[in-house]
Amino acid sequence: MDLLNLKPQLEAVIPVLHPITNLPIDGMTYTLAGKTSPEFRAAAREADKQKDAEDKGVDLFAGAITDWDGFEENGVTLDCDMETKRRILKQYDWLLEQVIEKLRDKETFLPLARNYSASLQPSALGTLPKSGK
């Protein structure tokens with residue numbers, strides 16, 4: 001196996017999921033820097049400067065968001081600057097939870113992992129004999 005096929009991407013575009021239905025919200029995405037990216041490492045260094053643990057966490061995750069589309073409040077498009085990202089993640093905790101979950105999920109940055117797991121589905125293994133016959 002060529003390890004380059006398993007090299008994490010530096011970022012991924014993530015659809016925002018509705019907090020109740022868990023379905024993608026049409027047109028709303030954010031770009032998330034992976035843990036191995038220079039952007040994430042810079043965000044971690046900046047977050048370490050915070051004294052408050054909650055602010056540290058919010059700064060880390062806000063810094064890991066490098067771009068977004070479809071973010072609005074009262075019909076006004078929101079800039080993807082650090083101040084706005086901090087405020088949005090504090091105000092909409094369900095979004096913060098999604099960001100944290102995506103950073104923890106290896107498949108977020110390893111798209112080939114999805115193809116590999118699909119090849120291990122029972123349908124790919126053939127049919128098993130029925131018991132008792």
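**Close-up views of the predicted model**

**View 1. Leu-6 lies in the segment before strand E1 (11–17).** The model shown here and in the views below is predicted. Leu-6 has a relative accessible area of 40% and is therefore partly exposed. Together with Met-1 and Leu-3, Leu-6 forms a nonpolar patch on the surface. The accessible area of these three residues together is about 390 Å².

**View 2. The largest pocket has a volume of about 190 Å³.** Strand E1 and helix H4 (93–104) each contribute at least two residues to its lining. Helix H4 gives the most, with 5 residues. The lining consists of Ile-14, Pro-15, Leu-17, Pro-19, Asn-22, Tyr-30, Trp-94, Glu-97, Gln-98, Glu-101 and Lys-102. By class, 6 of the lining residues are nonpolar, 2 are polar and 3 are charged.

**View 3. The second largest pocket has a volume of about 150 Å³.** Its lining includes Pro-8 and Gln-9, as well as Gly-34, Lys-35 and Thr-36. Also in the lining of this pocket are Leu-103, Arg-104, Asp-105, Lys-106, Phe-109 and Leu-110. The lining residues of the second largest pocket divide into 4 nonpolar, 3 polar and 4 charged.

**View 4. Cys-80 is placed in the loop between strand E5 (76–77) and helix H3 (82–91).** With a relative accessibility of 25%, Cys-80 counts as partly exposed. The view also takes in Tyr-30, which is 50 residues from Cys-80 along the chain. The C-alpha atoms of Cys-80 and Tyr-30 are separated by 9.5 Å. Tyr-30 is also one of the residues that line the largest pocket.

**View 5. Asp-55 and Lys-90 form a salt bridge.** The closest N and O atoms of Asp-55 and Lys-90 are 3.2 Å apart. The pair links distant parts of the chain, with Asp-55 in helix H2 (residues 53–64) and Lys-90 in helix H3, 35 residues apart. Asp-55 is partly exposed, at a relative accessible area of 23%. Lys-90 is likewise partly exposed, with a relative accessible area of 47%. A search of the whole structure finds 4 salt bridges; the Asp-55 pair and the pairs of the next two views are among them.

**View 6. A salt bridge joins Asp-59 and Arg-86.** In this pair, the closest N and O atoms are 2.6 Å apart. Because Asp-59 lies in helix H2 and Arg-86 in helix H3, the pair ties together parts that are 27 residues apart in sequence. Asp-59 has a relative accessible area of 5%, which falls under the 20% cut-off, so Asp-59 is buried. Arg-86, at 29% relative accessibility, counts as partly exposed.

**View 7. The side chains of Glu-73 and Arg-87 meet in a salt bridge.** The N to O distance for Glu-73 and Arg-87 is 2.7 Å. Arg-87 is partly exposed, with a relative accessible area of 35%.

Note on methods
Residues numbered from 1 in each chain as written. Predicted model: local features only at pLDDT ≥ 70, side-chain atom pairs only at ≥ 80, totals over all residues. Heavy atoms only, no water. Patch = residues over 30% accessible without salt bridge, like charges linked within 9 Å, V, L, I, M, F, W, Y side chains within 5 Å. Areas by Shrake-Rupley, 256 points an atom, 1.4 Å probe, with all protein chains shown as cover. Helix = DSSP H or I, 4+ residues; strand = E, 2+ residues; numbered from the N terminus. Buried < 20%, exposed > 50% of the residue type's maximum accessible area, 1.4 Å probe, protein only. 1 Å grid on protein atoms, 1.4 Å probe; cavity = no way out; pocket = protein on both sides within 12 Å on 5 of 7 lines; lining within 4 Å. Points joined across faces, edges and corners; volume = space filled by probe spheres on them. Nonpolar A, V, L, I, M, F, W, Y, C, P; charged D, E, K, R; others polar.
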